[in-house]
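Let's walk through this model together, from its overall make-up down to single side chains. Have your viewer ready to follow along.

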Amino acid sequence: MSTSEPKPKTVRLARAATGRGGVKGAVAKPARTAIPKLATSKPPSKREAKAEERRAAIIAAGLDEFVARGFAGTRLDDVAKRAGVAKGTIYLYFTDKEALFQELVRSALGPLISRMSAPPVAGGSARAMMEGFAESFVRDVVQTRRGDILRLIIAEGARFPSLSEFYYREVVERGMAGMRQMIEYGIARGEIRNPALLQFPQLLVAPAMVAVIWQGLFARLAPLDAMAMLQAHIDLIFGERRTV
């Protein structure tokens, strides 16, 4: 019987798979492992971009209508007309007028509140944090249409409890938590000496609210330098800044 008789195909395949047989010393190559592809964010399609553009236009029109007519007097028909869309288009994005107002609050004030709620940076100054908040508040709220949202809540919150409750959860509660966090940090660093601020963090933001109200009611009669007022308030809390 010849020793060169070919092996059955199944045996040849098995030996090749285990590395036995064939050329002496040959090592079986490891199986290739598929490398997962990195997920890439695709740019929005024209349709998605158009939809987001319509949504933004509806929110902007909602702000104009709420400020001009109040919450009770605002009609979605008027919002649609101002936004240049059909009334039915609004319902593709918002279930009702209250949902539109809630999204207006989230989109306009959410980023500011997120910055306020961020943990203090280790080694940073509590005073610098407070000054940063004051600058941001004056720039992004007092001097913009966002201040109109706060004035609207002050004017109509009592008549519409669901709006004030939403605003409290989404803005006030988160903002107060951020203020307490900053006060605790300032006390630990010895920058804030009055622990009563922990019980009443509203004292820190009270002048900011005065600036918003003043801007809406009396700006044309007696212009207010909101940043200078907030800086004076910060000096009362931390002491006057020392100059070398």
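First, some ground rules. This is a predicted model, in which local features need pLDDT of at least 70 and side-chain atom pairs count only at pLDDT 80 or more, while totals for chains, interfaces and linings use all residues. Residues are numbered from 1 along each chain as its sequence is written, and side-chain values use heavy atoms, with hydrogens and water left out.

The chain holds 11 helices and 0 strands. Helices here are DSSP runs (H or I, at least four residues), strands are E runs of at least two, and numbering starts at the N terminus. Read from that end, the elements go α-α-α-α-α-α-α-α-α-α-α. Of the 244 residues in the chain, 34% are buried; buried means under 20% relative accessible area, exposed over 50%, and partly exposed in between (1.4 Å probe, protein chains only). Take contacts in the chain between residues at least 6 apart in sequence: 70% of them join residues at least 24 apart. A contact means heavy atoms within 4.5 Å.

Now for the way helices pack. Two packed helices are described by the angle between their axes and the distance between the axes. The axes are lines fitted to C-alpha atoms, for helices over the stretch in contact, and angles run from 0 to 180 degrees between N-to-C directions. Angles under 35 degrees count as roughly parallel, over 145 as roughly antiparallel, 65 to 115 as roughly perpendicular and the rest as oblique.

Start with H2 and H5, whose axes come within 10 Å and cross at roughly 110°. That makes H2 roughly perpendicular to H5. On the H2 side the contact involves Arg55, Ile58, Ile59, Gly62, Leu63, Phe66, Phe71 and Ala72, which meet Lys97, Glu98, Leu100, Phe101, Glu103, Leu104 and Ser107 in H5. Sorted by class, this contact has 9 nonpolar, 2 polar and 4 charged residues. For that sorting, Ala, Val, Leu, Ile, Met, Phe, Trp, Tyr, Cys and Pro count as nonpolar, Asp, Glu, Lys and Arg as charged, and the others, Gly among them, as polar.

How do H5 and H6 pack? Their axes are 11 Å apart, at an angle of about 180°, which makes H5 roughly antiparallel to H6. Here Leu109, Leu112, Arg115 and Met116 in H5 meet Phe133, Ser136, Phe137, Asp140 and Val141 in H6. The class count for this contact is 6 nonpolar, 1 polar and 2 charged residues.

Next come the rings. Rings of Phe, Tyr and Trp (its six-membered ring) pair if their centres lie within 6.5 Å; planes under 30 degrees apart count as stacked, over 60 as edge-to-face and the rest as tilted. By this rule there are 7 aromatic pairs. One of them is the edge-to-face pair of Phe66 and Phe101, at 5.3 Å centre to centre with 90° between the planes. Phe66 lies in helix H2 (residues 46-73) and Phe101 in helix H5 (residues 97-117), so this pair ties together parts that are 35 residues apart in sequence. Phe66 and Phe101 are both buried. Another edge-to-face pair joins Trp214 and Phe218, with 5.0 Å centre to centre and 70° between the planes. Trp214 is partly exposed at a relative accessible area of 32%, and Phe218 is partly exposed at 35%.

Phe66 and Phe101 also belong to one aromatic cluster with Phe71 and Phe160. The charged end of Lys97 sits over the ring of Phe71, 4.7 Å from its centre; the rule asks for NZ of Lys or CZ of Arg within 6 Å of the ring centre and within 35 degrees of the ring normal.

Finally, look at some buried residues. Leu150, in helix H7 (residues 146-156), is buried with a relative accessible area of 6%. Not counting residues up to four places away in sequence, Leu150 touches Leu109, Phe137, Val141, Tyr167, Met209 and Val212. The C-alpha atoms of Leu150 and Val212 are separated by 7.5 Å, although the two are 62 residues apart along the chain. Ile113 lies in helix H5 and counts as buried at 5% relative accessibility. Leaving aside neighbours within four places in sequence, Ile113 is in contact with Glu170, Val171, Arg174 and Gly175.
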